[in-house]
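Please take a moment with the sequence and the model below before reading on.

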Amino acid sequence: MSEQDIFPVPEEWAKRAHADKAEYELQYGRSLADPGSFWLEQARTLDWIKRPEISGDWSFDASDFHINWFTDGQLNVSANCIDRHLETRGDAVAIIWEPDDPSEDSRSFTYKQLHEQVCRFANVLKDQGVRRGDRVTIYLPMVPEAAFALLACARIGAVHSVVFGGFSPEALAGRITDCDSTHVITADEGRRGGKTVALKANVDKAAQHTTSLKKVITVRVTGGDVDMTEGRDVWYHEAAETVEADCPPEPMGAEDPLFILYTSGSTGKPKGVLHTSGGYLLWASLTHKYVFDYNPGEIYWCAADIGWVTGHSYIVYGPLANGATTLMFEGVPNWPTPSRIWEVADRHKVEILYTAPTALRALMREGDDYVTRTSRASIRLLGTVGEPINPEAWRWYYNIVGEQRCPIVDTWWQTETGAAMIAPLPGATDLKPGSATKPFFGVEPQIVDGEGEILHGATEGNLCITRSWPGQMRTVYGDHKRFFDTYFTTFPGRYFTGDGCRRDEDGYYWITGRVDDVINVSGHRMGTAEVESALVLHKDVSEAAVVGMPHDVKGQGIYAYVTLNANTEPSEALRKELLDWVRTEIGPIARPDAIQFTPALPKTRSGKIMRRILRKIAEGDVSSLGDTSTLAEPAVVDELVANRVG
Ligand code: 6R9
């Protein structure tokens with residue numbers, strides 16, 4: 001690595017930041033040497049009803065598997081995000097909302113106004129029969145009510161499960177049923193990039209496939225036509241008219257569930273990742289403060305959707321717990337023009353901007369002019385998340401967007417980890433383009449080989465985390481065994497992330513991507529098994545195998561090998577039909593980028609599909625297919641190579 005590939009911490013950053021190099025080393029060292037008292041001390045940054053005296057209590061061993069943090073503490077997450085700021089920052093802006101259409105007015109809510117909105121929402125939920133512990137599914141676009149709804153659930157101790165608005169009715173129904181959700185909060189329609197999405201109509205369709213659903217609360221966003229089912233459906237604005245403007249926060253145990261968020265795994269149906277209250281909030285707020293070097297009063301924008309964990313932790317919970325001004329954006333970065341993201345930043349004087357490599361790559365292709373014609377003078381820090389950032393995109397972000405004055409925090413984490421795990425601290429960590437750099441306080445990464453042998457020094461292998469941290473997921477909802485089996489059995493005694501990773505001679509971490517059957521499409525996780533199950537549901541499909549392929553903008557694309565039933569001929573019409581089929585079964589993000597029809601799939605003699613070979617062919621790397629001698633029918637491979645879709 002050459003000298004110029006390191007971007008040292010500028011002196012003014014070391015001075016102004018919450019942590020400089022010495023402070024990071026000191027606190028990181030303490031967090032590992034004496035985690036018990038370190039975390040009890042950090043926990044004091046939250047507002048507790050009953051302050052905890054117990055720190056982390058956990059074991060990753062099969063015989064005694066458990067994970068608890070601050071068990072004897074009591075708090076309310078919404079009170080931490082709202083009420084405790086009322087006295088000092090009541091008139092400060094909590095949420096700025098920027099609409100999809102730039103010609104419309106933006107809106108903002110002070111902490112006092114947020115308090116009233118959330119209390120009303122909470123009272124509506126109570127009126128509609130939601131009780132502490134109930135699961136509430138939230139299927140909303142990026143409107144302020146989405147933030148109110150999350151916080152309203154937290155206020156009354158209900159467990160929210162947000163389903164991204166891009167998911168299909170089928171996917172929504174599966175998630176409602178899995179957590180036995182009785183209530184859905186949705187909108188008439190959502191708006192994104194000038195298009196509308198019929199959310200309420202999707203809920204109506206989903207309702208036909210689920211039995212747990214009792215009430216649908218609909219927020220009016222576009223005024224579009226919707227069907228209302230008597231006895232089941234209520235308009236939010238009507239229900240909110242008659243409720244009180246105050247709702248006392250419910251005292252919750254630190255380990256009471258806060259939310260469920262479904263995420264794709266390497267096998268079977270999506271997992272309901274469960275996070276609890278105290279540890280999660282501490283992790284989200286502490287990382288938000290240190291990684292983005294946040295100080296109250298600063299305008300901060302995480303351009304994710306609330307349907308993903310990034311939206312949960314870094315639009316809502318982390319920033320609001322820190323008394324921040326957080327921007328919520330209804331639209332997309334490239335509509336109506338590829339300047340939109342920078343125009344929004346200018347319009348609201350955004351100081352900290354957090355987005356995904358896939359958005360940057362898409363905008364980079366449009367040319368620098370869309371960026372340089374905007375000011376961006378307010379921006380002082382840039383962040384990325386969701387997938388490895390290629391050094392070229394990093395440099396573009398740094399040079400063109402940030403004009404070489406803004407540090408870039410590349411944050412590695414997962415739905416399962418709650419918030420950032422490996423990321424630079426802007427006043428402490430020299431940057432290297434493409435590296436998520438160093439672990440956050442309390443995080444002890446370990447790289448192991450395929451047999452679980454620990455690899456030391458500069459090395460590459462599977463990324464594990466050796467000890468628990470407060471923001472760790474606590475279980476897979478309804479399937480604790482699946483939680484243990486998925487994350488703690490591949491390399492016993494450790495949490496296995498599913499990611500590959502390299503550590504360089506300076507101890508910097510470089511995430512190389514998933515090592516399991518998960519594809520990262522535009523920063524969103526897709527299980528290959530999920531797409532395969534959707535494909536084989538089609539009447540003409542006999543078998544399907546799905547792998548990732550390199551994609552310039554999305555990072556990875558979806559490549560599907562499909563064998564058809566006897567007497568069905570491949571055709572362009574059928575290919576299109578299958579693409580639409582997957583879109584309807586799961587959602588637009590799961591739509592394959594390529595479908596290759598094939599008479600057979602390469603299998604071992606025991607009938608296992610040889611995915612390694614399929615991946616190579618999809619990547620176009622056909623010169624090094626490796627050992628194919630164990631295949632039942634080696635000729636299948638030649639056929640696949642010859643008819644590769646590229
Ligand atoms: C927050 C989020 C998690 C997976 C993760 C990894 C990839 C996320 C990354 C990154 C390299 C980064 N990932 N951030 N890879 N550098 N900065 O994205 O959660 O949707 O659960 O995805 O995303 O592969 O395992 P989630």
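In which loop does Pro336 lie? In this predicted model, Pro336 is placed in the loop between β17 (325-329) and α13, and the peptide bond that leads from Trp335 into Pro336 is cis, with omega near 0 degrees. Most peptide bonds, by contrast, are trans, and most residues other than glycine have a negative phi.

The C-alpha trace spans about 75 × 65 × 60 Å along its principal axes, and 59% of the 646 residues are buried. Of the contacts with a separation of 6 or more, 72% are between residues 24 or more positions apart. The accessible surface comes to about 24,300 Å², and carbon and sulfur atoms hold 48% of it. Among the side chains, 65 are positive and 90 are negative, while the centres of these two sets lie 1 Å apart.

An unreviewed UniProt entry places the feature "domain: Acetyl-coenzyme A synthetase N-terminal" at residues 24-81. That span is 41% helix and 17% strand, and its end C-alpha atoms lie 26 Å apart.

Helix α18 (residues 528-536) has seven of its nine residues buried, so it is largely enclosed by the rest of the structure. Glu530 and Glu532 are among those buried residues, as are Val531 and Leu535, and their cover includes strands β27 (518-521), β28 (524-527), β29 (541-551) and β30 (555-564), together with helices α19 (572-585) and α20 (611-619).

After α16 comes Glu403, with a positive phi near 50 degrees, and Gln404, in the loop between α16 and β20, has a positive phi near 60 degrees. Gln404 counts as exposed because its relative accessibility is 51%, the cut-off being over 50%. Asn567, found in the loop between β30 and α19, has a positive phi near 75 degrees, and at 81% relative accessibility Asn567 likewise counts as exposed.

Methods: Residues are numbered from 1 along each chain as its sequence is written. This is a predicted model: local features need pLDDT of at least 70, side-chain atom pairs count only at pLDDT 80 or more; totals for chains, interfaces and linings use all residues. Side-chain values use heavy atoms; hydrogens and water are left out. Buried means under 20% relative accessible area, exposed over 50%, partly exposed in between (1.4 Å probe, protein chains only). Contact means heavy atoms within 4.5 Å. Accessible areas come from the Shrake-Rupley method with a 1.4 Å probe; for residues, only the protein chains shown count as cover. Lys and Arg count as positive and Asp and Glu as negative; His and the chain ends are not counted. The place of a charge is taken as NZ of Lys, CZ of Arg, CG of Asp or CD of Glu. UniProt positions are given in the numbering used here, feature names are shortened, and annotations may be inferred rather than shown by experiment. Helices (H or I, at least four residues) and strands (E, at least two) are DSSP runs, numbered from the N terminus.
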